[in-house]
Amino acid sequence: MIKRLNIYLNEMYPVIPRLILGFIMFFEIYFLVILTNGSSMGLDINLQEIIGAVTVFGFLLSLRIADEFKDYETDLIMFPERSFPSGRVKKNDLVTLLTIVCVVVITLNLIFMNNIIYFVILAVYGVVMSVWFFSKTKIQKSLPLALITHNPVQLILNLYVISFTCIKYNINIFTLNNLIILLTLYFPGLIWEISRKTRAPKDENDYTTYSKLFGFKKATKFIMIVMVFDMITSSILVYQIYPIAVVTVIGSYIWFLKQGTNFIKDPTRFKLVDKVIVYEYITELTLVIIELIYIVTRWII
């Protein structure tokens, strides 16, 4: 079993890179909440923060495993080479891994964390997601409905981190800044999800995509519109911490605007999702870098 699980994790959820990503996601939100709601407070990073980051990692791993079960029939046709549909990994292997992850994450949160209510909300949402909100036939057949019901999980994951930070540092959870943080760290996931299913006509196959449903031009324009809101919310947060860095956020959007326009004119030139990833890396790295600069210059030096 261990050998098979190692195959699965290497192919579908590389542990070290995803664990690092979990820490980045947690601390990016964590520091944004602190810096935009009261930068004079002292930092108190301990075991709770580590558990919070591990929770992000474990929750996303749980969703990945749940998707294996949800999409098994589709994957047999569309992605037969993957480890689970190909038979290289057994169902019992994944059930065992999922059980271990859930037990560890639940136990750590119940014992050490301060935001149990928000963790329960996150866990319940994850569970009902895994069973298609008890409406598999209806949701599975509708890509937009699947997006509406499943994609908001990122909002709830963000809220989990925000709630922990606010409770720990006695910050009001329900502030405009926290709402902006909630949305800013949600938009990248929404944009990526739509862009990866927006293709040139020549690249379409039996897989359902937004470009097949609405046309690649409309799908691309929708992404560009969502990015406007992403740019605005990101700029508001960046301005509060390091005003000059707003130029980077706006510049990256202008760059993508040109890429999106080029894709609409000629979708055979490149894959839209590749350009989205570049935009998101620039924007997210900008937030992370200015957080580090602020922390180093204000709290460490």
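**Salt bridges, a helix pair and a nonpolar patch**

Asp44, Glu49 and Lys168 are linked in a network of salt bridges. The model is a predicted one. In total, the structure holds 9 salt bridges. Side chains of opposite charge can pair when their charged atoms come close.

Take Arg88 and Glu11 next. Their side chains meet in a salt bridge, at 2.6 Å from N to O. How accessible is Arg88, in relative terms? Its value is 32%, so Arg88 counts as partly exposed. Glu11 has 40% relative accessibility, so Glu11 also falls between the limits of 20% and 50% and is partly exposed.

Now turn to Lys197 and Glu193. Their side chains form a salt bridge of 2.9 Å, N to O. Is Lys197 buried or exposed? Lys197 is buried, because its relative accessibility is 8% and the cut-off for buried is under 20%. Glu193 is buried as well, with a relative accessible area of 14%.

A further salt bridge joins Lys202 to Asp203. The closest N and O atoms of this pair are 3.0 Å apart. Lys202 is exposed, at 57% relative accessible area. Asp203 is partly exposed, at 33%.

Next come two helices. The axes of α11 (residues 187-195) and α13 (residues 216-241) come within 10 Å. They cross at roughly 165 degrees. Angles over 145 degrees count as roughly antiparallel, so α11 is roughly antiparallel to α13. The crossing in which α11 passes α13 is left-handed.

Tyr239 counts as exposed, because its relative accessibility is 54% and the limit for exposed is over 50%.

Last, the nonpolar surface. A patch of about 860 Å² is made by Trp192, Tyr242, Ile244, Val247, Ile277, Tyr281, Leu285, Ile289 and Ile293. Which helix gives the most to this patch? Helix α15 (residues 272-300) does, with 5 residues. Ile293 lies in α15.

Note on methods. Residues are numbered from 1 along each chain as its sequence is written. This is a predicted model: local features need pLDDT of at least 70, side-chain atom pairs count only at pLDDT 80 or more; totals for chains, interfaces and linings use all residues. Side-chain values use heavy atoms; hydrogens and water are left out. Patches are made of residues with over 30% relative accessible area and no salt bridge: like charges are joined within 9 Å, nonpolar side chains (Val, Leu, Ile, Met, Phe, Trp, Tyr) within 5 Å. Accessible areas come from the Shrake-Rupley method with a 1.4 Å probe; for residues, only the protein chains shown count as cover. A salt bridge is a side-chain nitrogen of Lys or Arg within 4 Å of a carboxyl oxygen of Asp or Glu. Helices (H or I, at least four residues) and strands (E, at least two) are DSSP runs, numbered from the N terminus. Axes are lines fitted to C-alpha atoms, for helices over the stretch in contact, and angles run from 0 to 180 degrees between N-to-C directions. Angles under 35 degrees count as roughly parallel, over 145 as roughly antiparallel, 65 to 115 as roughly perpendicular and the rest as oblique. A crossing is left-handed if the near helix is turned anticlockwise from the far one by less than a right angle, and right-handed if clockwise. Buried means under 20% relative accessible area, exposed over 50%, partly exposed in between (1.4 Å probe, protein chains only).
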